[in-house]
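Here are my notes on the model, in numbered points.

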Amino acid sequence: MTTKDYPRIVVTPPGPKARAIVERDEAWTSSCYIKEYPLVVARGQGAMVEDVDGNRFLDFMAGIAVSSTGYGHPKVVTAVQEAAARFLHICGSDFYYESMAVLAERLAKLAPGSSKKRVFLSNSGTEAVEGAIKLARFSTGRSGLIAFKGAFHGRSLGALSLTSSKVRQRAGFGPLIPDVHHVPFGYCYRCDYGKTFPSCQLHCVSTLEQDLFARHVDPHNVAAIFVEPIQGEGGYIVPPPGYLQAIRDLCDKYGILLVFDEIQSGIGRTGKMFAADHVGVEPDVICVAKGLGSGMPIGAIIAKESVTKWESGAHGSTFGGNPVCCAAALATLDVVESELMANAAKMGSLLLAGMKSLAEKFRVIGDVRGVGLMIGAEFVKNRDTREPASEAVHDLVNRAFARGLLLLSAGKSTLRLAPPLVLDSYDVETGLGIIEDCLRTLNGKQ
Ligand SMILES: Cc1ncc(COP(=O)(O)O)c(C=O)c1O
């Protein structure tokens, strides 16, 4: 294992240069931003982020699961530079260029299942979800939408109507779009029905038919079920085996479209191109974004051709599929397919095993789960009551930042590990070491 020149804390963050920028930012940027902690970035390379005061951090969050190829992968940077030097924009909704056609073909062929697909390119995850809502309604002629508690699908009014992660994200923005129904997710650690897998026989899915469709919602008016194959913002929750297939079967029974939101879980993060590839379920529509452009803003709606019924002019986007972003996405897919998917699987098992062994030492960790480099560790005050230990995660994230490790939380009390897919064994062991040191000092709780 090679030693590297990070993490390296030269001045307690935020240092003087960082503080000045934070102050200026806070004076002028809109009041809605969250700002997890005062990280002020100057540059990055691989899984290392350097701040303006010269502190070097090991990154376990990838700018919220985005910087898939790290901070400035040479192949991605070169592709962006070359595309930028050719032309910056022409509007893919109205004109043609090769990279847009090539990217659409590539995503269509990469998506799970054998049906022919068609691709719409967007600027973001939210815009992909928003378009998928419109496509589902248009294609089925139905208005109903089903989403899951804890889900995050974005913040524009349509996507926000599907989001059910934190009330602050919805409060004050109503009325949201009608005919959206939220149901419990397959969250076995905290089953809403108080049941246990597998004896529950996937009650959380069968109840949709037995309760929701019997009493509240006509399934023949439901356009789509939107689901994250691994719930992201809700707490990195991996549903039980058979769950996604059972939802697929239910959709098939009533002619409902199945939409996978793979905006956080897609593009190699789980060790396969899509989380859906682990379970062999073909959705009707997949939304991707985040890791697709390594940080350049691009998303996509990948839909079965049979679903893509909207006619010319029904939907569009000025910047969606911008040529520079298409170039970034194509280079990202090259790197992810040739190296990083396998690396995510390998480093993911190391990191998961490391977190599981920390859970054996520290009782504050109630559950560890994940696939590839999408790993969650849920913190609890008491393992029997499973009362969420939100403060403990918050505390850990801040301590780790001061020690040179970038972390993030998700859900009520989950530590989310979503590093760049370029992580190596030095990074994994170094990060785990810092997490362990921080857990030792955490409020004397362990
Ligand atoms: C699963 C999922 N869907 C949608 C979104 C929204 O994507 P964006 O922030 O690019 O609009 C996110 C962002 O966190 C996400 O994780």
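1. The centres of domain 1 and domain 2, taken over C-alpha atoms, are 26 Å apart. Domain 1 covers 16-72 + 339-441 and domain 2 covers 90-321; such bounds come from an automatic or database domain assignment. This is a predicted model, in which local features need pLDDT of at least 70 and side-chain atom pairs count only at pLDDT 80 or more, while totals for chains, interfaces and linings use all residues. Residues are numbered from 1 along each chain as its sequence is written.

2. Between the domains, 28 residues of domain 1 are in contact with 26 residues of domain 2 (contact: C-beta atoms, placed from the backbone, within 7 Å). On the side of domain 1 that touches domain 2, helix 10 (323-361) gives the largest share, five residues. (Helices, H or I of at least four residues, and strands, E of at least two, are DSSP runs numbered from the N terminus.)

3. Four strands form an open sheet of mixed pairing, in the order 1-2-3-13 (strands pair if DSSP finds at least two bridges between them). Strand 1 (41-45) and strand 13 (405-406) are the edge strands. Strand 13 pairs with strand 3 (residues 56-59) in the parallel sense over two bridges, and L405 is the bridge partner of L58.

4. The axes of helix 11 (residues 390-403) and helix 12 (residues 425-441) come within 9 Å and cross at roughly 125° (axes are lines fitted to C-alpha atoms over the stretch in contact, and angles run from 0 to 180 degrees between N-to-C directions). Helix 11 is therefore oblique to helix 12 (under 35 degrees counts as roughly parallel, over 145 as roughly antiparallel, 65 to 115 as roughly perpendicular, the rest as oblique).

Notes
Two residues are in contact if their C-beta atoms, placed from the backbone, lie within 7 Å.
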